[in-house]
Amino acid sequence: IINPKHYLGNAYLENKQWKEAELTFRNDLKNNDKNIWALTGLYTSLLKQQKQTEAEKLLPKIKQATAETDVKISAAVF
């Protein structure tokens, strides 16, 4: 199933709408707080807003979620 929130959040990232991307990914994580795509998008949006400390808090979750996949994750969408 393709999650449209990931594509919306990624479109915000591509258009440098960092806050909108952050809100979109946070909203998606309410449904599944271990979703690697949403975590990656949120992490990126936080870094772009220079929220380094907040972004770094996501790293353990990202590491755990990445360990459960065999796909290299480098963006908010596949």
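**Entry 1: helix α2.** I'm working with a predicted model, so everything here is computed from it. I began with α2, which covers residues 18-29 and has 12 residues. From its first C-alpha to its last I get 16 Å, close to the 16 Å expected at 1.5 Å a residue.

**Entry 2: which residues of α2 are buried?** I found Ala-21, Glu-22, Thr-24, Phe-25, Asp-28 and Leu-29 on that list. Looking down the axis of α2, I saw that its buried residues fall within an arc of 165 degrees, so they line one face of the helix. Next I checked what they pack against, and got α1 (4-14), α3 (36-48) and α4 (52-56).

**Entry 3: Thr-24.** Leaving out residues up to four places away in sequence, Thr-24 touches Lys-5, Leu-8, Gly-9 and Tyr-12. I also noted that a polar atom of the Thr-24 side chain sits 2.9 Å from the backbone oxygen of Glu-20.

**Entry 4: how do α3 and α5 pack?** Helix α5 is residues 59-67, and I get an angle of about 150 degrees between α3 and α5, with their axes 10 Å apart. I wrote the crossing down as left-handed. On the α3 side, the contact is made by Ile-36, Leu-39 and Tyr-43. From α5, I listed Leu-59, Lys-61, Ile-62, Ala-65 and Thr-66.

Terms used:
Residues numbered from 1 in each chain as written. Predicted model: local features only at pLDDT ≥ 70, side-chain atom pairs only at ≥ 80, totals over all residues. Heavy atoms only, no water. Helix = DSSP H or I, 4+ residues; strand = E, 2+ residues; numbered from the N terminus. Expected span 1.5 Å × (residues − 1). Buried < 20%, exposed > 50% of the residue type's maximum accessible area, 1.4 Å probe, protein only. Arc of directions from axis to C-beta. Contact = heavy atoms within 4.5 Å. Polar contact = N/O pair within 3.5 Å; in protein donor to acceptor, adjacent residues only side chain to side chain. Axes fitted to C-alpha atoms, helices over the stretch in contact; angles between N-to-C directions. Left-handed = near helix turned anticlockwise from the far one by under 90°.
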